[in-house]
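Q: I'm new to this one, so could you show me the structure and then take my questions as they come?
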Amino acid sequence: MCHAGPVTESGESSSHRSRQIRPGTVHGLDAHLIETPNARAAISVFGGQVLSFRPVGTGHDVVWVSPVLADLPTPIRGGIPVCWPYFAREGQTGDVPSHGYARTARWAITGSVVAETGEVEVSLAPEGLDHLGLRLSMTVRVGATLEQGIHTHNPGATTARLTEALHNYFRVSDVADVRVEGLAGLTYADKFDGGAIHPQHGEWTLPDSPARSDRLYPGAGGTYRIIDPGFDRVIEIQGRQARTAVVWNPGAEVAQGMADVGPHWREFVCVEIANAGPDVIQIDAGATHSMWQTISVAPVS
Ligand SMILES: O=P(O)(O)OC[C@H]1O[C@H](O)[C@H](O)[C@@H](O)[C@@H]1O
């Protein structure tokens, strides 16, 4: 990735940078478009979420974005929403938005670096969230893999508590035909069963009846693989400083009540890296916590 080889500030050639990072639209949304020799990506201005990642030679986008998106400022259903400074409504009181404020903020690019290899690193930050106390920023590196870090700085005088997630929506051939490795033997809290704790027997596959999943795996460890024979691809997600995994798909019945999913529920599986549930992060006064993921794609065979 960018930091592995010699790196030059993009100022070395601003036209070079503007060829590789430029404004555009994806799925009708304003986005930062990134082009490198090994992949193309797009990051939405609204929500700062990755809306596309296509390594060269990949048939299908790695991420799924709803073909029936709701109008903004409804959070964008798909891509990689940034859930921050809390996951779901954990630890909150009152009428707060699900998954926090970052996914409905406007994000600006605060810096960029183009490596000699042509790989790109972009730094971004949300606007208008200073009243929250904690400061959020994000790094996205686009090369043969997608590397993404969210950084939370605590400028305050006391320890802060945080939950967070990178809520990856991965495009799959059919959620009922994929399996997710890396979770076998763990226990999960089942939100479709009132939060009851269950053991994960074998690899994750979509349950038969009802065919849906909202499972939070604490202490999960960080590397998961989605095996998708239908698309002949394996998506690997490697998390760092991300103790929790969440695997979510609403299934047909719940999706029917979600205008921005509806009949499209089979097209994705969310394998999210997080610090959530019991895995609350404590950030000392003046300290910064980063959570990272690396997403890579390979053929099944
Ligand atoms: O509808 P949203 O607020 O985007 O949340 C979508 C889903 O996110 C996570 O996966 C949670 O575990 C689910 O309970 C929630 O339904």
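Q: Which residues does Glu272 touch, not counting residues up to four places away in sequence?
A: Leaving out residues up to four places away in sequence, Glu272 touches Ala165, Leu166, His167, Asn168, Ala245, Val246 and Trp248, where contact means that the C-beta atoms, placed from the backbone, lie within 7 Å. This is a predicted model, in which local features need pLDDT of at least 70 and side-chain atom pairs count only at pLDDT 80 or more, while totals for chains, interfaces and linings use all residues. Residues are numbered from 1 along each chain as its sequence is written.

Q: Is Glu272 buried or exposed?
A: Glu272 counts as buried, with 25 C-beta neighbours inside 10 Å; a residue is buried if 20 or more other C-beta atoms lie within 10 Å of its own, exposed if 12 or fewer, and partly exposed in between.

Q: What does the UniProt annotation "active site" cover?
A: In the unreviewed UniProt entry, that annotation covers His167 and Glu272, although such annotations may be inferred rather than shown by experiment. They span 106 residues in sequence, yet no two of their C-alpha atoms are more than 4.7 Å apart, so they gather at one spot.

Q: And where is His167?
A: His167 is in the loop between β12 (164-166) and β13 (169-171), strands being DSSP runs (E, at least two residues) numbered from the N terminus. His167 is buried too, with 23 other C-beta atoms within 10 Å.

Q: Changing topic, how many residues are in the largest nonpolar core?
A: That core has 70 residues, a nonpolar core being a set of buried Ala, Val, Leu, Ile, Met, Phe, Trp, Tyr and Cys residues joined through C-beta atoms within 7 Å. Strand β21 (residues 268-275) gives the most to this core, with six residues.

Technical notes: Helix = DSSP H or I, 4+ residues; strand = E, 2+ residues; numbered from the N terminus. Contact = placed C-beta atoms within 7 Å.
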